[in-house]
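Keep the model open as you read.

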Amino acid sequence: MLVSQILKTKGDLVFTASPQETVGAAAALLHTRKVGAMVVIDEQEAVVGILSERDVVRVIAKEGAGALTKPIASCMTVNVVFAQPDETVDALLERMTDRRIRHLPVVRGERLAGIISIGDLVKYKISETQAEADGLKAYISAG
Ligand code: AMP
């Protein structure tokens, strides 16, 4: 299964934020959008970072509630790891495991084409395993 096929089902919507927005505003957006991470883009829509709920928790644990008024830029990750639409689910699972991250923005050329979370990959893996089990059961009972 390719990333592009998952995006066909899931859609290409990527929630974004600007680096000047505050950590408090970002936390509220993560909550209302029901997502674990947002891609941070500048005025030219270039990706400048990624902010996950883990970054919010870390900065509050270190600096207290005062961190909520700081800009996202102060705690986002700037070296963003991406995925390409023609990559496989297994390649993405390996990258997430190696890097200990749960989100991979997908880029087609220079443009954001979607975002894949660990939850999307697990969902696909479960349906693949179920289909294999169903196939084996049908094979055995046809025996
Ligand atoms: P996550 O497990 O995705 O919630 O994020 C854990 C940490 O990895 C946070 O510090 C994120 O900013 C960072 N992170 C998440 N996704 C990526 C990514 N695609 N590229 C680089 N860093 C990331």
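This is a predicted model: local features need pLDDT of at least 70, side-chain atom pairs count only at pLDDT 80 or more; totals for chains, interfaces and linings use all residues.

**Strand, ligand and cores**

Q: Is His103 buried or exposed?
A: A residue counts as buried under 20% relative accessible area. His103 has a relative accessible area of 15%. Its contacts, leaving out residues up to four places away in sequence, include Gly36, Ala37 and Ile50. Because its value is 15%, His103 is buried.

Q: Which residues come nearest to the ligand?
A: The ligand has 14 residues around it. His103 is one of those that come nearest.

Q: How many Å is a polar side-chain atom of Asp55 from an oxygen atom of the ligand?
A: For Ser52, an N or O atom in the side chain is 2.8 Å from one. For Arg102, the distance is 2.7 Å. For Asp55, it is 2.4 Å.

Q: What share of the accessible area of the ligand does the protein cover?
A: On its own, the ligand has 480 Å² of accessible area. The elements giving two or more residues to its shell are β3 (47-52), α3 (53-63) and β4. The protein covers 93% of the ligand's area.

Q: How many residues of the shell around the ligand are nonpolar?
A: Sort the shell by residue type. Four residues are polar and four are charged. The nonpolar ones number six.

Q: Which element gives the largest share of the largest nonpolar core?
A: This core has 15 residues, and Leu92, Val106, Ile116 and Leu121 are those with the most contacts inside it. Elements giving two or more residues are α1 (3-10), α4 (89-99), β4 (103-108), β5 (111-117) and α5 (118-142). The largest share is four residues, and it comes from α4.

Q: How many residues does the second, separate core have?
A: This core stands apart from the largest one. Ala26, Leu30, Val59 and Met76 are among its members. Its size is 13 residues.

Q: What percentage of the residues of the protein chain count as buried?
A: The chain has 143 residues. To count as buried, a residue needs under 20% relative accessible area. The buried share is 34%.

Note on methods: Residues are numbered from 1 along each chain as its sequence is written. Side-chain values use heavy atoms; hydrogens and water are left out. A nonpolar core is a set of buried Ala, Val, Leu, Ile, Met, Phe, Trp, Tyr and Cys residues joined through side-chain atoms within 4.5 Å. Buried means under 20% relative accessible area, exposed over 50%, partly exposed in between (1.4 Å probe, protein chains only). Contact means heavy atoms within 4.5 Å. A residue is near a molecule or strand if one of its heavy atoms lies within 4 Å of it. A polar contact is a pair of N or O atoms within 3.5 Å; within protein, one must be able to donate a hydrogen and the other to accept it, and residues adjacent in sequence count only if both atoms are side-chain atoms. Accessible areas come from the Shrake-Rupley method with a 1.4 Å probe; for residues, only the protein chains shown count as cover. Ala, Val, Leu, Ile, Met, Phe, Trp, Tyr, Cys and Pro count as nonpolar, Asp, Glu, Lys and Arg as charged, and the others, Gly among them, as polar.
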